[in-house]
Amino acid sequence: MAHQIECGKYTVERIPYAEEQQKLVTEDVFIARIAPLQTSRILQFAGKSLPKLDGIEHVKRVKRDTRADNTNGLLVVLCQCKYLDRSQFDAVVQDTEWADLEILVVKVPSNPPYTSAQFEQWSQVWPVTYRPPLKLKKPEFSSDEKEYVEMCLQAAMQLKSNAADTENRARAVVMGKLQTRKIVAQAADTTSESGHPLRHAVMNCIALVADREVARLTAEPIDDNNTGESNSVPVKRSHELCEDRDVGGYLCEGLDVFAVREPCVMCTMALVHSRIGRLFFVEQSPSGGISRYAMHSHKALNHNFTAFVCHLS
């Protein structure tokens, strides 16, 4: 059952990462039945003479042979069948000390397990390694954080009443900063009013953050001591000195986004590029960037974030 958090009027539920929902996929490998004392030598042979294992580093190379007549024996993975067919494999091992070994083709999991349930299922096929990802830790909100989440969701819902009705994208978006418990920016969809097809609420909100950064970075330097000289510092260092700055190295780095409706694919990609910290939304969309493509946790993208769906309690 999904972990839920009560935030005032809303029940917040983390959306699973794509890896949590992956199904077991297998591929064929060549294995050999060996005696325990042969393990080191045959692995050295495989490392020098056979294609290296590619993408299945989670698969354990050796396991016990469960055959009743060979309780002291081992099974060792030699190489993946996709790189050598049987005739090519036999050509490599012939005229070696391993030519007379019993060679079998078995299936092993192609992808590493992401959850403990997957680990248990994968291990029934062939032993695999497993390290629980840190981001799978159940989210825990403090009482202050719960109030902050409810406040931002309420602000987004309030803004929605003044926004144009859009069926397939977020009508109103609020960006907040957890550290200060403040709203950084808020915007509604203005595609109808502006006649511009890209004026989605998310894009408008990101633009507001960008405008704020431009204004901050281009502000006139201040002469604190009336010396006639400015106390300007390089832009990079000014980022470090500005304690009330709302964003990090990227435009919206670490900010929370609260949307009435799940952002579309374009807007979700903009949030990825902006390096947001978390996304909360009330209404799911079958064509949205999270529900359809799991863009919050897509391995091909260079940034992931946590996404929550929020229900009125």
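Which residue in strand 9 is the bridge partner of Gly176? The partner is Asp256. That pair belongs to a sheet described below.

**The model**

This is a predicted model, in which local features need pLDDT of at least 70 and side-chain atom pairs count only at pLDDT 80 or more, while totals for chains, interfaces and linings use all residues. Residues are numbered from 1 along each chain as its sequence is written, and side-chain values use heavy atoms, with hydrogens and water left out.

**Overall picture**

The protein has 313 residues, and 43% of them count as buried. Buried means under 20% relative accessible area, exposed means over 50%, and partly exposed lies in between (1.4 Å probe, protein chains only). The secondary structure comes to 8 helices and 11 strands. Both are DSSP runs, numbered from the N terminus: helices are H or I with at least four residues, strands are E with at least two. The accessible surface is about 17300 Å², and 51% of this belongs to carbon and sulfur atoms. Such areas come from the Shrake-Rupley method with a 1.4 Å probe; for residues, only the protein chains shown count as cover. Contact means heavy atoms within 4.5 Å. Take the contacts with a separation of 6 or more: 66% of them join residues 24 or more positions apart.

**The sheet**

Strands of a sheet pair through backbone hydrogen bonds, either parallel or antiparallel. Here 7 strands form an open sheet with mixed pairing, in the order 1-2-11-10-9-7-8. Its edges are strand 1 (4-7) and strand 8, each pairing on one side only. On average, neighbouring strands are turned by 25° against each other, direction ignored. Axes are lines fitted to C-alpha atoms, for helices over the stretch in contact, and angles run from 0 to 180 degrees between N-to-C directions. Helix 6 packs on this sheet, where it touches strand 7 and strand 8. The direction of helix 6 makes about 130° with that of strand 8.

Two strands pair if DSSP finds at least two bridges between them.

| Strand pair | Bridges | A bridge pair |
|---|---|---|
| Strand 1 and strand 2 | 4 bridges | Cys7 and Tyr10 |
| Strand 7 and strand 9 | 4 bridges | Gly176 and Asp256 |

Strand 7 is largely enclosed by the rest of the structure, because 6 of its 6 residues are buried. Ala172, Val174 and Gly176 point one way, and Val173, Met175 and Lys177 point the other way. In a regular strand the side chains alternate between the two faces of the sheet.

The hairpin of strand 7 and strand 8 has 4 residues between the strands. Arg181 lies in that loop. Its phi is near 60°, a positive value in a residue other than glycine. Arg181 counts as partly exposed because its relative accessibility is 31%.

Ala294 also has a positive phi, of about 50°, although it is not a glycine. Ala294 sits in the loop between strand 10 and strand 11. At 14% relative accessibility, Ala294 counts as buried.

**The cores**

In soluble globular proteins, nonpolar side chains tend to be buried together. A nonpolar core is a set of buried Ala, Val, Leu, Ile, Met, Phe, Trp, Tyr and Cys residues joined through side-chain atoms within 4.5 Å. The largest one here has 27 residues, and Met175, Leu271 and Leu279 touch the most other members. Elements giving two or more residues to this core include strand 7 (172-177), helix 6 (201-217) and helix 8 (265-274). Helix 6 gives the most, with 5 residues.

Beyond four places in sequence, Leu279 touches several residues, among them Val257, Ile290, Phe305 and Phe308. Apart from this core lies another, of 21 residues, including Val12, Cys152, Val174 and Phe258.

Which residues of helix 6 are buried? They include Ala201, Cys205, Val209 and Glu213. The 17 residues of helix 6 should span 24 Å at 1.5 Å a residue, and its end C-alpha atoms are 24 Å apart, which agrees. The expected span is 1.5 Å times one less than the number of residues.

Leu198 lies in the loop between helix 5 (191-194) and helix 6. With a relative accessible area of 41%, Leu198 is partly exposed. Leaving aside neighbours within four places in sequence, Leu198 is in contact with Met203 and Met266. Leu198 and Met266 are 68 residues apart in sequence, but 9.0 Å apart in space, C-alpha to C-alpha.
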